Amino acid sequence: MSIESAKVRLEKMLGSRFRVTRGELVQHGQNESIFPVTPPDAVVYPTNTKEVAGIVTICSEEACPIIAWGVGTSLEGHALAFQGGVTVDMSMMNKVLELNAEDFNVVVQPGITRKQLEHELRASGLFFPIDPGADATLGGMAATRASGTTAVRYGTLRDNVLALEVVLADGRIIRTGSRARKSSAGYDLTALFVGSEGTLGIMTELTLKLYGQPEAVAAATCSFENVASCVDAVTEIIQMGLPVARLELLDSAMMRGINQWDRSLNMTEQPHLFMEFHGSEASVHEHAEIAGEIVSDHGGSEFSWATRTEDRSRLWKARHDAYYAAKAMRPNCMVLTTDACVPISRLAEAINETVADIEASPLEGPIVGHVGDGNFHIALLLDPESEDEIAAAKTIQANINHRALRLGGTITGEHGVGIGKMRYMAKEHGDAWKVMSAIKRALDPKNVLNPGKVVQLN
């Protein structure tokens, strides 16, 4: 049994959809993390579930690692072939299979991207709310339990996946969940696979919740003198129970970056909140008025409104482009990105201590955050040739993770574990991490599915 033997069998099975060209391998050996390019031994392109099952069966029989691939936007090395093997690119499985508008759900293949799904739904009056920023695939988003700017209102992927079709490590095809909105029939296997990062099975179909387009949508921005006041305003907005659809923090460094990235914005380079309200005309007006009063009480500026679709799109595009705006602040830099999530009541403390760490270092580190649910992100800009800067970035990253745990939070709110955050899993989960390893062994005894990620088996 060997990788080479698996390659021979897979080429015979897939023909031209089996690829080993250098360009193809390098493309599938990189992502938006700091890890070096790590090409797989081969890339395959299935077109249906039966083919995925055949690929997995061959790789299992040959003890060949298998790594599912969306579009490569992960941030913790999730989809890199650190142990070699075959990357299963799902881009040819990118269709909407079934739209059940009356039941507010849709069945999709894993390779469809967020924007492709949005396009397919445009005439239905429905939308899928989860938007992690990058135009990621729905399979990749589910695998990492992604969320994004709307999580404060609509939840994360975990809350919006009703059912899955999954290929297990031995090639069996199973279905979890149903189109019903709830169930008490046995273990929640859907929740088990969502967030498993391809280590327990490969998703081949997803049934997702949809929502009706709101009657009215309004976005607003406001600035603050400091991050602490901004976070205090957020805390009160949440405690008041206002149903804000988006509630995003951008610190002054990040505002400088997005102004440079899109010079038409020309916004004050102070900490900002970006907000969005969904509902009826009356409810949007009422909730926005209350939020404005809270902001004012905490020293925030008056709201600057964006009610036209094109203005809102430009505003949220600036937020979604934050990674690229940060990177452009220091040409040719490497970006170490990380995230953490803490209880809302400890968010100001977490961010303020992180800012102090960054200010005491030689680095610049813009901060953005889905602060409505206590999740914040840092982009540390460093010279890839400087050992001192790399060491400083890793120290800041470690401090953020330890701080999140000390404050009752988690090492990652949405980036996932991959290989980059495994060293902190034992501290966060204790013996529960060993239970995760036991589940991995039970479902994947040969350890062929994305080995070396999330859990430690040796």
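Buried means under 20% relative accessible area, exposed means over 50%, and partly exposed is in between (1.4 Å probe, protein chains only). This is a predicted model, in which local features need pLDDT of at least 70 and side-chain atom pairs count only at pLDDT 80 or more, while totals for chains, interfaces and linings use all residues. Residues are numbered from 1 along each chain as its sequence is written, and side-chain values use heavy atoms, with hydrogens and water left out.

**The whole chain**

Begin with the whole chain shown as a cartoon. The chain has 17 helices and 18 strands; these are DSSP runs numbered from the N terminus, with helices (H or I) of at least four residues and strands (E) of at least two. The radius of gyration is 22 Å, close to the 23 Å that the globule rule gives for 458 residues, so the chain is as compact as a globular protein of that length. That radius is taken over C-alpha atoms, and the globule rule is 2.2 Å times the number of residues to the power 0.38. Along its principal axes the C-alpha trace spans about 65 × 55 × 45 Å. Of the 458 residues, 57% count as buried.

**Salt bridges**

How many salt bridges does a search of the whole structure find? The search finds 28, a salt bridge being a side-chain nitrogen of Lys or Arg within 4 Å of a carboxyl oxygen of Asp or Glu.

Select E62 and R9. Their closest N and O atoms are 3.0 Å apart, and the two form a salt bridge. E62 lies in the loop between helix 3 (49–61) and strand 3 (66–69) and R9 in helix 1 (residues 3–14), so the pair ties together parts that are 53 residues apart in sequence. E62 is buried, at 9% relative accessible area, whereas R9 is partly exposed, at 31%.

Next, select E364 and R256, whose side chains meet in a salt bridge (2.0 Å, N to O). This pair links distant parts of the chain, 108 residues apart: E364 is in the loop between helix 14 (347–359) and strand 17 (367–370), and R256 is in helix 10 (residues 252–261). E364 is partly exposed, with a relative accessible area of 29%, and R256 counts as partly exposed at 28%.

Then go to D431 and K434, a salt bridge with closest N and O atoms 3.6 Å apart. Because they are three residues apart in helix 17 (residues 431–443), about one helical turn separates them. D431 counts as exposed at 57% relative accessibility, and K434 counts as exposed at 59%.

For a network of salt bridges, select R346, E349, E353, D357, R403 and R406, which are linked in one.

**A charged patch**

Select E286, E289, E293 and D297, which form a negative surface patch. Patches are made of residues with over 30% relative accessible area and no salt bridge, and like charges are joined within 9 Å. D297 is in helix 11 (residues 281–297) and counts as exposed, at 64% relative accessibility.

**Last stop**

Where does T412 lie? T412 is in the loop between helix 15 (387–406) and helix 16 (425–429). This residue is buried, with a relative accessible area of 13%.

Key
Patch = residues over 30% accessible without salt bridge, like charges linked within 9 Å, V, L, I, M, F, W, Y side chains within 5 Å. Areas by Shrake-Rupley, 256 points an atom, 1.4 Å probe, with all protein chains shown as cover. Lys, Arg positive; Asp, Glu negative; His and termini not counted. Charge placed at Lys NZ, Arg CZ, Asp CG, Glu CD.
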